[in-house]
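Student: I am new to this structure. Could you take me through a close look at a single part and what surrounds that part?

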Amino acid sequence: MNMAPHQEFQTPTHPDAIELWPVLFPLYQQLLNAHFDLETLFPRQSRLCHRIADALREQMIDAELGLLNAHPERRVQHALKARAA
């Protein structure tokens, strides 16, 4: 079972995302799959896989937004713009 993250991460456009997604996306998908596979018998390990997948997802989003090396102020500005929209 998986959450089909393909809808969220269709086609990267930023150069950082284009370079990173071929590596990060398969890892993200595998961690989500492991999360669901382990959920019943190994809940602690399942939660760990889910947290790591969330961290990779954040990195993929940052890459697409061009925020990988952004100063914290730039991240805050972006978050405020996103809320206002």
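Tutor: Happy to! Contact here means heavy atoms within 4.5 Å. This is a predicted model, where local features need pLDDT of at least 70 and side-chain atom pairs count only at pLDDT 80 or more, while totals for chains, interfaces and linings use all residues. Residues are numbered from 1 along each chain as its sequence is written, and side-chain values use heavy atoms, with hydrogens and water left out.

Let's start with Ser 46, which sits in helix α2 (residues 43–65); helices are DSSP runs of H or I with at least four residues, numbered from the N terminus. Setting aside neighbours within four places in sequence, Ser 46 touches His 35, Leu 38 and Glu 39.

Now to the largest nonpolar core, which has 12 residues, including Phe 25, Tyr 28 and Cys 49. Such a core is a set of buried Ala, Val, Leu, Ile, Met, Phe, Trp, Tyr and Cys residues joined through side-chain atoms within 4.5 Å. The elements giving two or more residues to this core are α1 and α2, and α1 provides the largest share, seven residues.

Phe 25 and Tyr 28 are three residues apart in helix α1 (residues 15–38), so about one helical turn separates them. Phe 25 is buried at 15% relative accessible area, and Tyr 28 is buried at 5%.

Technical notes: Buried < 20%, exposed > 50% of the residue type's maximum accessible area, 1.4 Å probe, protein only.
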